[in-house]
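Thank you all for making time this morning. I would like to walk through one model with you, so please have the sequence and the structure open as we go.

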Amino acid sequence: MNIVIVGTGYVGLVSGTCFAEMGNNVVCVDVDRRKIDMLDNGQVPIYEPGLEDMVLRNSRAGRLRFSTSLESELEEAEIVFNAVGTPPDEDGSADLRYVLDAARTIGANMTHYLVVVTKSTVPVGTADRVRAVIREELDRRGVRLDFDVASNPEFLKEGAAIKDFMSPDRIVVGVDSERAKEMISRLYRPFLLNNFRVFFMDIPSAEMTKYAANAMLAVRISFMNEIANLCDRVGADVDMVRKGIGADVRIGGKFLYAGCGYGGSCFPKDVRALAKTARDNDYRMEVIEAAAAVNDRQKTVVLEKLRQVMPDLAGKTVALWGLAFKPETDDMREAPSLEVMGGLLKAGAVVRVYDPAAMDECRRRVGDTVLYTGDIYDCVTGADALLLLTEWKEFRMPDWSKVCSLMTGNVLVDGRNIYDRQEISQYGFVYKAIGR
């Protein structure tokens with residue numbers, strides 16, 4: 001099939017590349033000329049394991065192309081996926097300007113029947129707005145063309161996006177016509193051959209499913225962080241609690257790990273957008289709003305732990321292991337590290353940082369306010385304290401004797417609970433964790 005993907009971020013580039021991998025002809029469109037030039041030259045502008053090899057393979061095979069002109073790519077298209085960004089507005093709502101701009105371009109230039117599929121995370125009712133914009137542009141041209149609008153939310157985890165797309169837990173599709181259902185069924189038929197579950201439903205339900213899924217996971221994380229903070233006060237161990245409740249088949253063990261809060265491009269903005277949708281409909285989602293508030297507070301817990309043993313941070317050197325909001329990505333959107341760096345700098349500390357993938361992204365965000373180092377040992381050199389913020393594999397088993405010899409101080413705050421207190425204590429560290 002001939003597929004057009006609008007937007008080359010995580011969702012658009014991964015989706016387009018994986019559709020090409022399945023044998024479709026795909027063109028990924030973006031208004032950012034720099035990104036398109038990079039992709040044309042075999043460079044992937046985001047860090048995602050396995051993506052670069054797949055982009056190169058499908059580009060060389062002629063199944064995957066890149067363009068800055070949506071208008072010129074609609075002539076051969078059968079399905080257009082709208083995967084542009086939906087950044088949060090100040091009131092927490094999703095900013096739909098890019099989604100609607102793409103719809104406007106489609107309506108102004110389409111020449112035949114198309115299925116326009118929203119892949120971006122959007123509030124309930126967005127499909128109706130997209131349909132209205134396309135119809136308005138067709139009316140402006142005096143053209144009568146059939147088209148369908150559908151919803152196909154993504155459920156990709158950054159750091160495992162290729163696997164999630166090629167071997168999905170489920171595929172959710174919202175449609176309101178048999179013609180659109182048949183087109184999308186053809187596209188996803190290779191997945192059906194592997195017995196993956198495809199759920200067809202009405203469009204509002206599909207739009208809501210994405211928000212509900214992310215909100216549920218966010219609630220679980222914030223719930224466990226609340227339990228962890230109480231464990232600190234009553235002498236319990238949150239890891240033991242996690243194992244105890246995770247063994248209950250009604251609960252399960254995923255997303256029950258305590259830490260310094262969630263971040264990234266999905267959970268924070270989607271939770272806020274869902275709460276805003278509720279308020280717009282005269283309802284307050286108190287559990288969802290509480291989860292967001294808990295998470296905002298949790299991002300400060302690492303600094304609170306540090307100040308328990310080092311009240312005055314002025315002039316102190318603090319090393320940070322990890323900047324991305326989670327491993328296997330360079331994404332720092334709403335990462336706890338941003339809150340931590342800001343607090344340390346405000347307190348007058350010298351901040352040394354290291355992350356396997358997110359150093360360039362950190363430079364883009366905070367400039368030269370922190371010191372960038374070459375590896376985990378360079379990072380801790382001369383440090384009074386070490387803070388673990390992202391649980392990259394290379395941080396799990398360092399040479400602690402070498403770390404001790406390089407550090408000036410002996411404070412270790414484990415923001416992800418990956419170390420064993422007894423082992424760490426043997427090296428003379430003052431060890432602080434979350435809920436342990």
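Which residues does Leu 387 touch, if we do not count those up to four places away in sequence? Before I answer, please keep in mind that this is a predicted model. Leu 387 touches Val 302, Leu 306, Val 318, Ala 319 and Leu 320, and the list goes on with Trp 321, Val 340, Leu 344 and Val 413. Several of those names come back when we look at the largest nonpolar core, which has 59 residues, and in which Leu 306, Leu 320, Trp 321, Leu 344 and Leu 387 itself are the residues with the most contacts. Apart from that core lies another one, of 43 residues, and among its members are Val 44, Ala 150, Leu 187 and Phe 196.

Let me turn now to a polar residue, Asp 30, which is found in the loop between strand S2, residues 25-29, and helix H2, residues 33-40. Asp 30 counts as buried because its relative accessibility is 12%, under the 20% cut-off. Its side chain makes a polar contact with the side chain of Thr 8 at 2.8 Å, and the Asp 30 side chain also reaches the backbone nitrogen of Asp 32, again at 2.8 Å. If we leave aside neighbours within four places in sequence, Asp 30 is in contact with Gly 7, Thr 8, Lys 35, Ile 36, Ser 67 and Thr 68.

Finally, helix H9 covers residues 203-234, 32 residues in all, and it reaches 47 Å from its first C-alpha to its last, which is close to the 46 Å expected at 1.5 Å a residue. Just after H9 comes Gly 235, which takes a positive phi of about 85°.

Definitions and conventions:
Residues numbered from 1 in each chain as written. Predicted model: local features only at pLDDT ≥ 70, side-chain atom pairs only at ≥ 80, totals over all residues. Heavy atoms only, no water. Helix = DSSP H or I, 4+ residues; strand = E, 2+ residues; numbered from the N terminus. Expected span 1.5 Å × (residues − 1). Buried < 20%, exposed > 50% of the residue type's maximum accessible area, 1.4 Å probe, protein only. Polar contact = N/O pair within 3.5 Å; in protein donor to acceptor, adjacent residues only side chain to side chain. Contact = heavy atoms within 4.5 Å. Core = buried A, V, L, I, M, F, W, Y, C linked by side-chain atoms within 4.5 Å.
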